Amino acid sequence: MTRKPLAYSGRSRNEMGLLRRLPIVAAAVCLLVGAAACGGYGDDKKSEEGTTTIGGVQAESHGTKDVSGETGKVEIEMYDNYFEPTILEGKPGQKVTIELKNEGKVAHTFTISEQSVDQEVEPADEAEVDVTFPESGELTFVCKFHQSSGMVGALKPAS
Ligand SMILES: [Cu+2]
């Protein structure tokens, strides 16, 4: 037979009550953020994290980087399952070498079929690809393995 001090079991019950409420609070916050993110169709979304729409696909958004002044290499990190930064802004027609670093636990690809770029990168590995910014509009890049999970990004003209 086990005995518990009354004081302990009382505190334990309070903690349980708090823990039970947490998911409800979290859900409420998500709803608010989700509503805000969905509010501005067509707006230039500058949020660092969340979801955005790229090429008609819901994407995991992890930042935008303006590389129009870059002359060296530009780094994109691959995680499970998103690119960071997710959107690169550059000059129309600008050529950059992208250094891909896979910080995830599974293999990812950086694929732009329009430019015959299809580079697979193993976990903890690196690779380089040369890309050209589009003259207009946005050019989507994807991870072939996880694009359905939102692992997509884009090259866009700097605004
Ligand atoms: Cu992937």
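A residue is classed as buried if 20 or more other C-beta atoms lie within 10 Å of its own, as exposed if 12 or fewer do, and as partly exposed in between, with C-beta atoms placed from the backbone. By this criterion S116 is exposed, because 7 other C-beta atoms lie within 10 Å. The structure is a predicted model, in which local features need pLDDT of at least 70, side-chain atom pairs count only at pLDDT 80 or more, and totals for chains, interfaces and linings use all residues. Residues are numbered from 1 along each chain as its sequence is written.

The pLDDT, the predictor's confidence in each residue on a scale from 0 to 100, averages 80 over the protein chain, and 70% of the residues score at least 70. Residues 7-12 have a pLDDT below 50, and this stretch has one contact in the model beyond near neighbours in sequence; two residues are in contact if their C-beta atoms, placed from the backbone, lie within 7 Å. The pLDDT is also below 50 over residues 24-47, a stretch with eight contacts beyond near neighbours in sequence. Where pLDDT is low, the predicted coordinates should not be read in detail.

Secondary structure elements are DSSP runs numbered from the N terminus, with helices (H or I) of at least four residues and strands (E) of at least two. A cis peptide bond, with omega about 0°, joins D80 and N81, and N81 belongs to the loop between β4 (73-79) and β5 (82-84). The bond from E84 to P85 is likewise a cis peptide bond, with omega near -5°; P85 is placed in the loop between β5 and β6 (87-90).

Positive phi values occur in residues other than glycine. The phi of S116 is about 50°, and this residue lies in the loop between β8 (108-112) and β9 (117-121). For A124 phi is near 65°, and the residue is located in the loop between β9 and β10 (126-132). A124 counts as exposed because it has 10 C-beta neighbours inside 10 Å.

The loop between β7 (95-102) and β8 contains V106. This residue counts as partly exposed, because 14 C-beta neighbours lie inside 10 Å. Apart from neighbours within four places in sequence, V106 is in contact with D80 and P123; D80 is also a partner in the cis peptide bond to N81. The C-alpha atoms of V106 and Y79 are separated by 8.5 Å, although these residues are 27 residues apart along the chain.
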